[in-house]
Amino acid sequence: MEPVAPPFAGQRVAVLGLGRAGLPAARRLREWGADVTAWDDGEAARAAAEAAGIATGQPEGFDLLMISPGIPHRGPKAHPLARRAAEIGAPVLCDVEFLYRAVRAASSRARFVGITGTNGKSTTTALLDHVARAAGMTVATGGNLGPPALDMPVLPDDGVYILEMSSYSAERLDRARFELGALLNLSPDHLDRHGDMAGYAAAKARVMLGNEIAVFGMDDAETRAVAAAHGGRVVPVSGHAPQPGGIWGEGALLRDDAGVIADLSGALALPGPHNAQNAAAAAALAFGLGIARETVAQALLTYPGLPHRQERVGEVDGIVFLNDSKATNADSTAYALACHERVVWIAGGVPKAGGIVPLAPLFPRVAEALLIGQAAEEFATTLAEHGVPHRIAGTLDAAVLQGLEAARRTGSGAVLLSPACASFDQFRSFEARGDAFRDLVRNLAHREAEAA
């Protein structure tokens, strides 16, 4: 299904950034009638665009500007093209905004679901996708996770878009509205971009504008404050506290006012109270989409999990190796550490503000910490102050070898890669870091099996 008339015919659209989302966006917008000029500061990216028939150059006049999420459009670090947009009054939009406009131009009533939060949004997005597909719904899922928005088809009236929304994209929404939205949690992140927590929260809250159903996590004060100021219908969710009118975790049970929805002890990909909140949010959104209670319950138990989110990547002598490379800040790592009574912890990389100091209440669960990357010395100082056994391994391959030895020596049942850091000192992305960990563990398991 495509719009009857090109939705952007006669509009001059500049596309800044020709990476994962930018180049597909430029192609799609051209198909939809826009006069597209694209730019990327990288010569190779411009060459790829030109090979795809996209005109490149620094546009002076344009009606709309789409910028890749990681490029600032405000403040002292704003790209010159973004400053030009401000001068001429051209809106700066994300790719989800363009998708929304095209879908509505096609007279499609497909519903949009937006999922955001500092942590858990990828799991909740993938989990809702799993539930919706189990219900036989026509679904397109992506955004910050999976396919970019302008790689998605225009769905018919019964279709559902499930979109993971970063703060970078959310702040560039304009007319787009999500029939269902979820704000899972808020903790300090990307403050260099948004200025402070108020700016960060305001960007996230744009996903919740005009929702028919607005799902809010109640397990942190910042999100509760945004929920309290929300003018529409609020469905509260929690991983551990009763929420009348909402959904919550009670031990291993997921409940609502009507009773038990599912026993999550059988959902191996959803450990810990944080995942109970993710499951509660996904269930609330699924009910909002009209999915039957029994279908939701069964699908929660068959959810396979996502790569790099406490992913079981191997086992040696009964010691489980877990890839939680997606944990790029202390809050994410806190969720992982809280799932284990005793664990060998691999951490480090490019540190975020505050380092691992917020994790101090969980340090008693760490049998030994193995530190890698730029943050190793800083983290070693913090751990020493709290009496936590630790070593500087330096590299991930050294940490994997030392992790097995440490787990055997301390009697720990798991070695957990949960870096609490960005990856860019040693890896191009958290995915590359997790993939390397997975390969190292498989090679280690193979060597140990041969030696047995």
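These legends describe close-up views of a predicted model.

**View 1. F8 and F98 form an aromatic pair.**
The ring centres of F8 and F98 lie 5.4 Å apart. Their planes meet at 65 degrees, and planes over 60 degrees apart count as edge-to-face, so this pair is edge-to-face. The partners come from distant parts of the chain, 90 residues apart. F8 belongs to the segment before strand β1 (12-16). F98 belongs to helix α4 (residues 95-105). Both F8 and F98 are buried. In total, the model has five aromatic pairs.

**View 2. F112 and Y161 form a stacked pair.**
Here the centres of the F112 and Y161 rings are 4.5 Å apart. The angle between the planes is 25 degrees.

**View 3. The charged end of K326 sits over the ring of F430.**
Look for the side chain of K326 and the ring of F430. The charged end of K326 is 5.6 Å from the centre of that ring.

**View 4. Helix α10 is mostly covered.**
Helix α10 covers residues 272-288, which is 17 residues. Of these 17, 13 are buried. From first C-alpha to last, α10 reaches 25 Å. That is close to the 24 Å expected at 1.5 Å a residue. Just after α10 comes G290, with a positive phi of about 85 degrees.

**View 5. Helices α5 and α10 cross.**
Helix α5 holds residues 121-134. The axes of α5 and α10 come within 9 Å of each other. They cross at roughly 45 degrees. The two helices are therefore oblique to each other. The crossing of α5 and α10 is right-handed.

**View 6. Helices α14 and α15 cross.**
Helix α14 runs over residues 396-410, and helix α15 over residues 430-451. Their axes come within 10 Å. The crossing angle is roughly 50 degrees. That makes α14 oblique to α15. The crossing of α14 and α15 is right-handed.

Technical notes:
Residues are numbered from 1 along each chain as its sequence is written. This is a predicted model: local features need pLDDT of at least 70, side-chain atom pairs count only at pLDDT 80 or more; totals for chains, interfaces and linings use all residues. Side-chain values use heavy atoms; hydrogens and water are left out. Rings of Phe, Tyr and Trp (its six-membered ring) pair if their centres lie within 6.5 Å; planes under 30 degrees apart count as stacked, over 60 as edge-to-face and the rest as tilted. Helices (H or I, at least four residues) and strands (E, at least two) are DSSP runs, numbered from the N terminus. Buried means under 20% relative accessible area, exposed over 50%, partly exposed in between (1.4 Å probe, protein chains only). A charge sits over a ring if NZ of Lys or CZ of Arg is within 6 Å of the ring centre and within 35 degrees of the ring normal. The expected span of a helix is 1.5 Å times one less than its number of residues. Axes are lines fitted to C-alpha atoms, for helices over the stretch in contact, and angles run from 0 to 180 degrees between N-to-C directions. Angles under 35 degrees count as roughly parallel, over 145 as roughly antiparallel, 65 to 115 as roughly perpendicular and the rest as oblique. A crossing is left-handed if the near helix is turned anticlockwise from the far one by less than a right angle, and right-handed if clockwise.
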